[in-house]
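Colleague: I would like to learn how to read packing features in a model. Please give the general idea each time, then the case at hand.

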Amino acid sequence: MNRSRANLAIVATALAIASGGAHAQAALNWKAVEAAMGRAPVVQPGDVHRFNFPRSDLTVTVAGVPIRPAFALGGWVAFAPMGRDALVMGDLVLTEDEISPVISALQKGGVEQTAIHHHLLRESPRVYYTHVHAHGDAVKIATAIRAALALTGAPAPTPAGAAPPLGLDSAAISSALGAAGRVAGGTLQFGFPRAEDVRDGGMVVPPVMGLGTAINFQASGGGKAVITGDFVMVASEVNAVIRALRENGIEAVSLHNHLLTEEPRLFFMHFWANDDPVKLARGLRAALDKTNSRR
């Protein structure tokens with residue numbers, strides 16, 4: 001069976017179970033997965049369990065602006081149930097010297113890589129993003145991911161402390177962008193899933209597996225905000241979005257794929273600007289209007 005056909009079976013099973021009732025979902029031992037990961041998940045629609053690995057150990061600046069972990073340093077993996085097994089996708093935030101040992105550990109544990117690249121420009125130190133994919137025994141996959149993370153400086157989970165101040169007019173930004181955001185870790189975050197189904201091997205993949213346009217705002221001082229995230233686009237939308245961003249003073253900093261066999265083919269474009277937040281929200285809305293995204 002080739003990879004595309006294998007993915008068809010994997011995703012079909014995952015989605016059938018995710019929507020097929022409590023009995024099927026209960027077959028996956030989530031407590032064992034959590035124990036193997038060594039941290040609690042955030043449960044998403046479709047019984048997808050997302051585990052977050054914020055790189056709060058790193059002090060990173062972008063064009064001189066210190067960035068919060070929730071802004072652009074939030075590694076994660078998501079598990080979608082498929083009987084006693086799971087379909088897993090995610091994105092690990094790594095330093096340059098962590099890449100090789102982490103990939104070796106992941107490969108040893110049966111976790112594949114689907115992309116290795118940058119999401120930012122002019123950051124210091126340089127940060128890399130490694131997208132991962134696996135299917136099979138959920139506990140074994142979780143054990144492999146945890147072993148790989150142990151080779152990084154990613155800290156163990158700690159009790160949540162006091163939330164840092166947002167320092168932004170969230171209502172004004174949300175109004176300009178035309179959607180409600182959520183506050184997390186001193187940032188204002190927005191998500192816009194594709195309106196059409198995204199398929200792997202012909203079957204629908206849940207948007208919560210990293211398939212929605214993401215936009216983050218962080219106060220940068222002087223009434224300004226920095227923005228980053230990624231637009232999720234089909235090929236015909238890419239340059240229309242670039243033009244809309246550039247017309248509004250927003251840089252397109254990286255363009256690439258995060259997956260291998262998705263349909264339609266998706267392109268992920270990361271962006272950056274430091275300006276008046278409402279002005280930036282209007283520019284982002286103009287770019288969103290060039291995509292087939294839900295709001």
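Colleague: How are H5 and H6 oriented to each other?

Modeller: Angles under 35 degrees count as roughly parallel, over 145 as roughly antiparallel, 65 to 115 as roughly perpendicular and the rest as oblique. Axes are lines fitted to C-alpha atoms, for helices over the stretch in contact, and angles run from 0 to 180 degrees between N-to-C directions. Helices (H or I, at least four residues) and strands (E, at least two) are DSSP runs, numbered from the N terminus. Here H5 (residues 99–108) and H6 (residues 138–149) pack at about 165 degrees with axes 8 Å apart, and are therefore roughly antiparallel. This is a predicted model, in which local features need pLDDT of at least 70 and side-chain atom pairs count only at pLDDT 80 or more, while totals for chains, interfaces and linings use all residues. Residues are numbered from 1 along each chain as its sequence is written, and side-chain values use heavy atoms, with hydrogens and water left out.

Colleague: Which residues of H5 and H6 meet?

Modeller: Contact means heavy atoms within 4.5 Å. Val-102, Ala-105 and Leu-106 of H5 meet Ala-144, Ile-145 and Ala-148 of H6. The contact has 6 nonpolar residues, no polar and no charged ones; Ala, Val, Leu, Ile, Met, Phe, Trp, Tyr, Cys and Pro count as nonpolar, Asp, Glu, Lys and Arg as charged, and the others, Gly among them, as polar.

Colleague: At what angle do H7 and H9 cross?

Modeller: The axes of H7 (residues 170–177) and H9 (residues 277–288) cross at roughly 25 degrees and come within 8 Å, which makes H7 roughly parallel to H9. By class, their contact has 9 nonpolar, 1 polar and 2 charged residues.

Colleague: Is Phe-71 buried or exposed?

Modeller: Buried means under 20% relative accessible area, exposed over 50%, partly exposed in between (1.4 Å probe, protein chains only). Phe-71 has a relative accessible area of 2%, so Phe-71 is buried. Phe-71 sits in helix H4 (residues 69–72).
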